[in-house]
Amino acid sequence: MDPTFRNLIWRQGLWQNNPGLVQLLGLCPLLAVTTTAVNGLGLGLATIFVLVCSNLAVSLLRSTLQPEVRIPAFVLIIATTVTVVDLSLQAWWHDLSRTLGIFVPLIVTNCTILARAEAFASRQPPISALHDGLAQGIGFALVLIALGAGRELIGQGTVFADADLLLGPWAEGLTLQLMPEGWGLLLAMLPPGAFIGLGLMVALRQYLIQRPAAVNITDEMDTQTARA
Amino acid sequence: MSLKRWKPALALIAVGLLAATILAGLDRLTRDRIALEQERRALAALTELLPAERFDNELVSDWFEHPVAGLERPVRIYRARLDDQPSAAVLDLITSRGYSGDIRLLVAIEPDWTIIGVRVLEHRETPGLGDRIEIRRSDWIRQFDGASLRRPIPEAWAPDRRGGQFDTLTNATITTGAITDAVRLSLEAAESLDEALWATEPDTQALEIPPDLSQNP
């Protein structure tokens, strides 16, 4: 696989075309789940897995599936992958599924996955689709973690509280109490806090892009046009 | 009609069959394990309230369902017995009066109708506020230990915001009220059943796993 193309895929997923900050896809799970950094991490990991699997499956089947039936087939593939993840978690990682249980089915509502299947995986060989799934998934997961950490810090004064529920007993020490005990701004925990937090992150990204020089803006517009 | 026209449909059918096969196989592979894990978890929650030396019967299958006025769904009552003598009852109940939906509680009661302990199994209350009903977040739920319908007196069986005796969690008045009321209702239900609580035959579908809220987001 061409290294420049691979780098482009990763740059797109992590920054230039980040599913959370630029495409603004998958807002339903993104806003609903990110009350804490650990929740964000959990949904992020599950999303990465589903995205990689569905991208691979779609890419492998891309010559078999005619355009007329591709969308139902993609939906079927995605739903199957999510169910496989859900059942496997319940059977073999039961405690983890207790924590992630409600998030896993939410992945079905994440349009990022359908968008990547349609826009990328259905036109590219499996190896590129694999890279794209990883890059987009990690980009999405990073937004989830950042938003979760921010809301958790403002909402209850900690970061990475309850990490042991997701990662096992060793992670208990990860919890950082950054604000005095009893600190809490309810707004950050409620849905409006999620919208405000995401809005601030999008604004920050726009600021960082526009700051250096006009050159980068044109680059950005080029990629946007190319995508459209 | 030419074969070409049918090709898309056939491809879709093939994908559907493949998906169905994978899911059916995985379901076969995981079904027993999942049932086992859920049973283990239900038992773990029960034994957290009741130490193993308090009962020697098949606690997980010795239950019946009983409708309770004030609760939308019937309460599942587990009977713990030691040497065939009643040693405790555990009520598995769901109240829908929470701030954001259902709260599932386990209430363990002595044969003399005082509370051994209360635990929240599942809930969707606001993180940081209502979730302090969980034992791992605060000791609030322990204030019911040792309570009964005579201690405190009936008028005091309410959160202190409503003139009762139980502490109200700050910014979680509705959650607090829902749990306090549900605990009182379960005590009343148990006492009014009296001897019948121990004598009622277990429901037949004894190995069915209690409905799991976390499976229905």
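A crossing of two helices is right-handed if the near helix is turned clockwise from the far one by less than a right angle. I wrote that down before opening the model, which is a predicted one.

**Entry 1: two helices in chain A**

I looked up how helix 3 of chain A passes helix 4 of chain A, and the crossing is right-handed. Helix 3 covers residues 37-60, and I get an angle of about 140° between the two helices, with the axes 9 Å apart. That makes the pair oblique, because only angles over 145 degrees count as roughly antiparallel.

Next I checked who makes the contact. From helix 3 of chain A I noted A46(A), F49(A), V50(A), C53(A), S54(A), A57(A) and V58(A). Helix 4 of chain A answers with F74(A), I77(A), I78(A), T81(A), V82(A) and V85(A). Sorted by class, this contact has 11 nonpolar and two polar residues, and I found no charged ones.

**Entry 2: chain A against chain B**

I then turned to the interface. Here 30 residues of chain A are in contact with 23 residues of chain B. Which helices of chain A supply at least two residues each to the side that touches chain B? My list has helix 4 (70-92), helix 5 (94-100), helix 7 (126-156) and helix 9 (186-189). Helix 4 of chain A gives the largest share, 11 residues.

Over in chain B I traced an open sheet of five strands, in the order 1-2-3-4-5, with antiparallel pairing. Which strands are at the edges? They are strand 1 (63-66) and strand 5 (115-122) of chain B, each pairing on one side only.

I zoomed in on one pair. Strand 2 (residues 75-82) and strand 3 (residues 85-98) of chain B pair over seven bridges, in the antiparallel sense. In strand 3 of chain B, A89(B) stands opposite R79(B).

**Entry 3: helices on the sheet**

Helix 1 of chain B, residues 3-49, lies across strand 2, strand 3, strand 4 (101-109) and strand 5 of chain B. I put its run at about 150° to strand 5 of chain B.

Helix 2 of chain B, residues 173-193, also packs on the sheet, and I found it touching strand 1, strand 2, strand 3, strand 4 and strand 5 of chain B. The direction of helix 2 makes about 140° with that of strand 3 of chain B.

Definitions and conventions:
Residues numbered from 1 in each chain as written. Chains lettered and ligands numbered in written order. Predicted model: local features only at pLDDT ≥ 70, side-chain atom pairs only at ≥ 80, totals over all residues. Contact = placed C-beta atoms within 7 Å. Helix = DSSP H or I, 4+ residues; strand = E, 2+ residues; numbered from the N terminus. Axes fitted to C-alpha atoms, helices over the stretch in contact; angles between N-to-C directions. Parallel < 35°, antiparallel > 145°, perpendicular 65-115°, else oblique. Nonpolar A, V, L, I, M, F, W, Y, C, P; charged D, E, K, R; others polar. Pairing = 2+ DSSP bridges.
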